[in-house]
Amino acid sequence: MNQELDWSLRLLLAAFCGGLIGFERIRSQKEVGTRTHALIALGAALVMLISKYGFFDLLRITHLNWEVDPSRIAAQVVSGIGFLGAGVIINKHNRVSGLSTAAGIWVTGAIGLAYGSGLYVMGVVGTIFVLVTQVLGEKTDTLSIRRDNKISLFIKADMNEKDIEALVNSVGKDFFRNKPRYSLNGYHDGILSFYIRGDLDKGISPASLFTHLTSKKEISVVEKV
């Protein structure tokens, strides 16, 4: 196979497999989708090609016995993608989200490096494993949540701590299997923020609890966390 054609095939496969991973992520309503993953894999493959083959002309011109380490430039891809991953991790209400997306970005870069190195089989197998892990992992997490019927809410309300205690007791009787736990989060401009966590009673949907809480004029924010 012509060398330039082989390199082009590596880039094409890297972009295609990265796009597949991104397509699965966007179908799961994640922020980072097809274009980003495809570009990451394509860029990683391109850097790997440059790292492996980009200095051969210089060696021919100088006729010096240089030692070329093809891993030096490629190693920077791992560090660089770490910054991209950090950008999609969100710390909201003291809870971290986006870790699976960040991990997906990182492994997509690794797949790009595999194709850039000419490891076609490893690139294909790696893509399949990532897709299977993402799909099955999400379904497993969803089934686990449904089975446990656990819920965690972040609430902002014009209440004092005594009012919150009364609210927890009230919803505990009507919506939860046992009395839910609550913890204060902060106080700003007369508004208390707090968490309520517990197991919903059998037959109770999160939507009904949301409707009940948002109907109270003292409560301004109800978010599932």
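Guide: Buried means under 20% relative accessible area. In this predicted model, buried residues make up 32% of the 225 residues.

Visitor: Why is aspartate 6 called buried?

Guide: The cut-off is under 20%, and aspartate 6 has a relative accessible area of 14%, so aspartate 6 counts as buried.

Visitor: What makes aspartate 6 and arginine 10 a salt bridge?

Guide: A side-chain nitrogen of Lys or Arg must lie within 4 Å of a carboxyl oxygen of Asp or Glu. Here the N to O distance is 2.8 Å, so the pair qualifies. Arginine 10 is also buried, at 6% relative accessible area.

Visitor: Why is the pair of lysine 150 and aspartate 199 called a salt bridge?

Guide: Their closest N and O atoms are 3.3 Å apart, and the limit is 4 Å, so the name applies. Lysine 150 lies in strand β3 and aspartate 199 in strand β5, so the pair ties together parts 49 residues apart in sequence.

Visitor: Why does serine 100 count as partly exposed?

Guide: Partly exposed lies between the buried limit of 20% and the exposed limit of 50%. Serine 100 has 40% relative accessibility, so serine 100 falls in between. Serine 100 lies in helix α5 (residues 99–116).

Visitor: Which residues is serine 100 in contact with, leaving aside neighbours within four places in sequence?

Guide: They are Arg25 and Gln134. Glutamine 134 is 34 residues from serine 100 in sequence, and their C-alpha atoms are 8.4 Å apart.

Methods:
Residues numbered from 1 in each chain as written. Predicted model: local features only at pLDDT ≥ 70, side-chain atom pairs only at ≥ 80, totals over all residues. Heavy atoms only, no water. Buried < 20%, exposed > 50% of the residue type's maximum accessible area, 1.4 Å probe, protein only. Helix = DSSP H or I, 4+ residues; strand = E, 2+ residues; numbered from the N terminus. Contact = heavy atoms within 4.5 Å.
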